[in-house]
Every structure is written in C-alpha cells, then in structure tokens.
Amino acid sequence: MSMQIVLISVLVVGGAGLIIGLLLGVAGKKFAVEVDEREERVREVLPGNNCGGCGYPGCDGAAAAVVKGEAPVTVCPVGGAACAKAIGEIMGQEVGDTVRMTAFVKCGGDCEKSKTDYAYTGVEDCTMVPFVPGGGPKRCNYGCMGYGSCVKACAFDAIHIVNGVAVVDKETCKACGACINVCPKHLIELVPYAGADYHVKCMSSDKGKTVMDACEIGCIGCKKCEKNCPSDAIKVENGVAHIDYSKCTNCGTCMEVCPRGTIQK
C-alpha cells in the first residue's frame, strides 16, 4: 500500500469525523432541552435514594415535578422536614410544620399467638402466598405471613421478621411506603412517629369465634374500646378496631379494656 493511499484514507476518515462532530454539536444546541436551574438545585437537596416513596420515578422525577408545580415542597418522605425546608427556600415557599410518619404492621399474630393449618414448604415470598391452598398456612387469612417481602423492599433496613411477624424499627423507618406497596394483605400503614402510642395489632374482619380460633390476640369487634374511649378516637369498623390518631390522647383506656390484648403500646 502506497503512502499516498494511507494519507488519503486518514484525511477521509478525519474529515468525516470532523463533519459528524460539527453536525452533532449543531444538533445538540438546536434540540437542547433547557433545564430550570431550580430543578438542579432541588435535585441536589434530595437524598438520592431513588426509592419511589414520593410517587415519582426517582429523585430526578421528584425534582422536576416540584419545579413544575406538580408536587409540593414536602414531596420527599425520606428527607423529612429538613429537606422540605431546603426545597421551600429554593422555590420561595414557606413550609409549615411537617409530621414525621413511620410504618406500622397491623398484626401481632406471631408464632406463639397464631395457629396454623399445615406446614408450608413452598416459595417463601408473601406475594406468592395468595396462590397457595387456604391463602397460606396461618389459620388467619388476614395476618402477616412472615416471609419478608416487605424486608426485601425496604431500602433502609427498617423492617425485619421477628418471631414470624414483620416489625418496623420506627427510628430507622423513612416512611417511603415501599413496604406498604409490596404487602399483599395490606397490613402496613403509616402512623405518626410521635403521639401515636397505642396500636391495634389486627386486621381480621372475621367473626369473633373464627378470630379466637385462629389467633390469641385477634380483635373480636366487641366494641369495648369504642365505648370506653373518652375522646371518641377509636371505632370498630368491619369487625376490627381502628384508631383515629388525630383524636387520640394516648390515655391508654382502649388498651386497658381490650379483653384480647389486641391493642398494645
């Protein structure tokens, strides 16, 4: 191969590369999407866990939604009050008091208190349990199966299986909602971190006899808690007690009168 052919090849390739580079540069400027400076600043404030607890596709999506006015400055449950305040300053908005929340598992039917109908040896994943006979080995079809789908979903190591039931560490929980979304029995809810001392550890809407046959602490809907609550903060609905934490004064009367020990501090 002659030197002339080599030089021509180099010039052709180099020229083509230069032209393509110029075209890409022009296209980049022409079709560039302008990003609001505030969006980048909000993104820097967000914790970066990309957990989806805000309801948007990661922290980038949350930042864009805030700047567009589609989401409040309190969009991030993980960042909490400090994050909301910082975003509020960027957006020029005042941020009121925010209530810290934590997840709570509405089941106390651990290995000692709940009864089982058979020994289960299949895939240990809560999302699979609805497809097995009887909805799982536990006699109570509403209770926690204890196979840890919520544990796997939590990015903050805030929930663990203790004696067959999921238990939340409220100090570590960021209230992102990942455990709530994955639980097939909808046993997990968000409650106030402070000022919510008493909880109903049951979700069963079965009749009293059926509940007692399945779990030692299941709610039988007797309404003693409802009748004795001085602040009208607890109601029995669909056979199970529910606490309205906006009314609850943490007096403990409901726990004292509960004959089953379903309400615990």
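Visitor: How do you know which residues and atoms are considered?
Guide: Residues are numbered from 1 along each chain as its sequence is written, and side-chain values use heavy atoms, without hydrogens and water. As the model is predicted, local features need pLDDT of at least 70 and side-chain atom pairs count only at pLDDT 80 or more, while totals for chains, interfaces and linings use all residues.

Visitor: What makes residues 80-91 a helix?
Guide: A helix is a DSSP run of H or I with at least four residues, numbered from the N terminus. Helix α4 has 12 residues and reaches 17 Å from its first C-alpha to its last, close to the 16 Å expected at 1.5 Å a residue; the expected span is 1.5 Å times one less than the number of residues.

Visitor: Why are the buried residues of α4 said to line one face?
Guide: The buried residues (under 20% relative accessible area, 1.4 Å probe, protein chains only) are Cys-83, Ala-84, Ile-87, Gly-88, Ile-90 and Met-91. Seen down the axis of α4, they fall within an arc of 160 degrees, so they line one face; the arc is that of the directions from the helix axis to the C-beta atoms.

Visitor: Why is Thr-262 called buried?
Guide: Thr-262 has a relative accessible area of 1%, and is therefore buried.

Visitor: What does the side chain of Thr-262 reach?
Guide: The side chain of Thr-262 reaches the backbone oxygen of Ile-217 at 2.6 Å. Thr-262 itself is found in the loop between α9 (253-257) and β8 (263-264).

How values were computed
Helices (H or I, at least four residues) and strands (E, at least two) are DSSP runs, numbered from the N terminus. Buried means under 20% relative accessible area, exposed over 50%, partly exposed in between (1.4 Å probe, protein chains only). A polar contact is a pair of N or O atoms within 3.5 Å; within protein, one must be able to donate a hydrogen and the other to accept it, and residues adjacent in sequence count only if both atoms are side-chain atoms.
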